[in-house]
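I opened this model to look up its charged patches, its salt bridges and its overall dimensions. My entries follow in the order I made them.

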Amino acid sequence: MAKKVKPTGALRFELPFDSQPPQLTSSAVGLPRVLHRPASSHVMDVTVLDAPDGRLLRAGIVIAHRVVDGAGEWYLSAPGWAPHLPQEQSLPMGPNGDLPEPFARLVKPLARSAALKPLATLTVERDEWALRDSDGEVAAIVRDDKVRVRRGDDPASRYREITVLPTELLTGQQREFLTSAALAVGASVVPGFPSLQQRIGAPATGLTSFPKPRELRRDASLEEFVTAIFTEHLGDIVRADLDRRVLGSDDLGALNDRLWAFGRDLRGLAPVLDPAWREGVEQILAGLPFETVEDVEQPTLAVIDALVAGVRAPRLGDLSQQNAALLLFERAQQATLILADRCRTLTDDSPDEAWQAALRAAQQLEVAATVLTPLMPKSMGKLVRRLDDVLDDLRLCAADTVGGEPELDGLSPSQAYQLGLDYERSRGQAARRRADFARAWPERVKEARALLAKAKKKQQKQLRKAAKK
């Protein structure tokens, strides 16, 4: 008896649509019989739903309704989005035949505002066979699929696929025989079959609107950098929205965090983005943090739409091909100078408006440094960490609004006395916090300037090195 070897996986063949099936039996190689499997053989009608531009298929998501022997079901497949979406899931066809609400809800962030309609229809004629060995055991399952594809009323294509799925250890001779038998009827041996998208054709074969982030070079142009930043935010927001939809959760914490992080970087990129586009997106985010599922639904879809467009073609004008690190570093330097100027003259007696202006300047520096961190992770990361302490202190100092004397009219003597004590205590706390901040500021700004100087020196060295290449 020939020695058994481990199968190397399924054998796949593409055949001319009307060719005869291969003769897969041979007593000489130990595969004497093949038996039809009626229970697994059927004709299936598949209607694939999508937006007119094929955005779901382009994103690797298939929604279809399938009918076998008069029984219908809805089908969702999104293996590339697992675990945020099901790899594969079926639901029974409802009485009205509409797309089930769970499927419509799950794919909403990817479909956005587009209505889902039939994009293509496939008729699959499947014959399945059991290939038996000399001992009568099933050696392999042979699946023969003949598929017709229609787009609207017009035939688009047709194809035939045969898959041999070993269920036990086949010999090398057996595998060679099966391959030769397929080749004899005009088959081609293929490592894998074309995807459903490729079978349907354009627009399903277009580029996805949700690309994976690419590695970011230190010398990236502004267009490359903004595209990378937007791509990352787009993926983060969509996945956060999918997660809460899959769970059916009212917890919007993760989604609000992702939307807020995008809004922060949007402010950090404000000097280089088209003002009208940026302001439109900022208006969408104005409701952050969103408190209910109803409140967050439309803004999230609008942000996703804006990011899809921003990833495809960021609105940068004449700056698009300039060096991103240089442009954004200059802004971080300017923001540092503004913060230093506003904090330089602060004292415990400075008006509340001066402390609030300093806080706004620190927040501007934070967004400028944070958006630059992917290009300068060490220096900007350190600056952002130091800035966190400054922001915490400034928030306390700015919140300690001293104001004028409290209004005592209409209060009893004991109430007026207590209010006066509280007012004096508040003034004392505010004065101490502000005095502490003003005393510590010279060392803080000195450290920040040193960090920026070191970062600039390193940046110039990298640019000279890149220029030599």
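**Positive patch**

I found that α11 (377–399) and α12 (413–468) each supply at least two residues of the positive patch. Helices here are DSSP runs of H or I with at least four residues, strands are runs of E with at least two, and both are numbered from the N terminus. The model is predicted: local features need pLDDT of at least 70, side-chain atom pairs count only at pLDDT 80 or more, and totals for chains, interfaces and linings use all residues. Residues are numbered from 1 along each chain as its sequence is written, and side-chain values use heavy atoms, with hydrogens and water left out.

I listed the patch members: Arg 218, Lys 378, Lys 382, Arg 385, Lys 454, Lys 457, Lys 458, Lys 461, Arg 464 and Lys 465. Patch residues have over 30% relative accessible area and no salt bridge, and like charges are joined within 9 Å (nonpolar side chains, namely Val, Leu, Ile, Met, Phe, Trp and Tyr, within 5 Å). Lys and Arg count as positive, Asp and Glu as negative; His and the chain ends are not counted. I took each charge at NZ of Lys, CZ of Arg, CG of Asp or CD of Glu.

Which helix gives the largest share of the positive patch? It is α12, with six residues. I checked Lys 465, which sits in helix α12. Lys 465 counts as exposed because its relative accessibility is 57%. The classes are buried (under 20% relative accessible area), exposed (over 50%) and partly exposed (in between), with a 1.4 Å probe and protein chains only. The areas come from the Shrake-Rupley method.

**Negative patch**

I also noted a negative surface patch, made of Asp 250, Asp 251, Glu 291, Glu 294 and Asp 295. Asp 251 is in the loop between α5 (222–247) and α6 (253–268). Its relative accessible area is 55%, so Asp 251 is exposed.

**Salt bridges**

How many salt bridges are there? I counted 30, taking a side-chain nitrogen of Lys or Arg within 4 Å of a carboxyl oxygen of Asp or Glu.

I looked at Asp 305 and Arg 112, whose side chains meet at 3.0 Å, N to O. This pair links distant parts of the chain, 193 residues apart: Asp 305 is in helix α8 (residues 293–312) and Arg 112 in the loop between α2 and β7 (117–132). Asp 305 is partly exposed at 31% relative accessibility, whereas Arg 112 is buried at 4%.

Next came Glu 447 and Arg 386, with their closest N and O atoms 2.7 Å apart. The pair joins helix α12 to helix α11 across 61 residues of sequence. Glu 447 is partly exposed at 32%, and Arg 386 is partly exposed at 36%.

I looked up Leu 110 in helix α2 (residues 101–111). Leu 110 is buried, with a relative accessible area of 0%.

**Overall form**

I counted 12 helices and 10 strands. The radius of gyration is 33 Å, well over the 23 Å that the globule rule gives for 469 residues, so the protein is more spread out than a compact globule. That radius is taken over C-alpha atoms, and the rule is 2.2 Å times the number of residues to the power 0.38. The C-alpha box is roughly 105 × 65 × 45 Å along the principal axes. Of the 469 residues, 42% count as buried.

Terms used
Accessible areas come from the Shrake-Rupley method with a 1.4 Å probe; for residues, only the protein chains shown count as cover.
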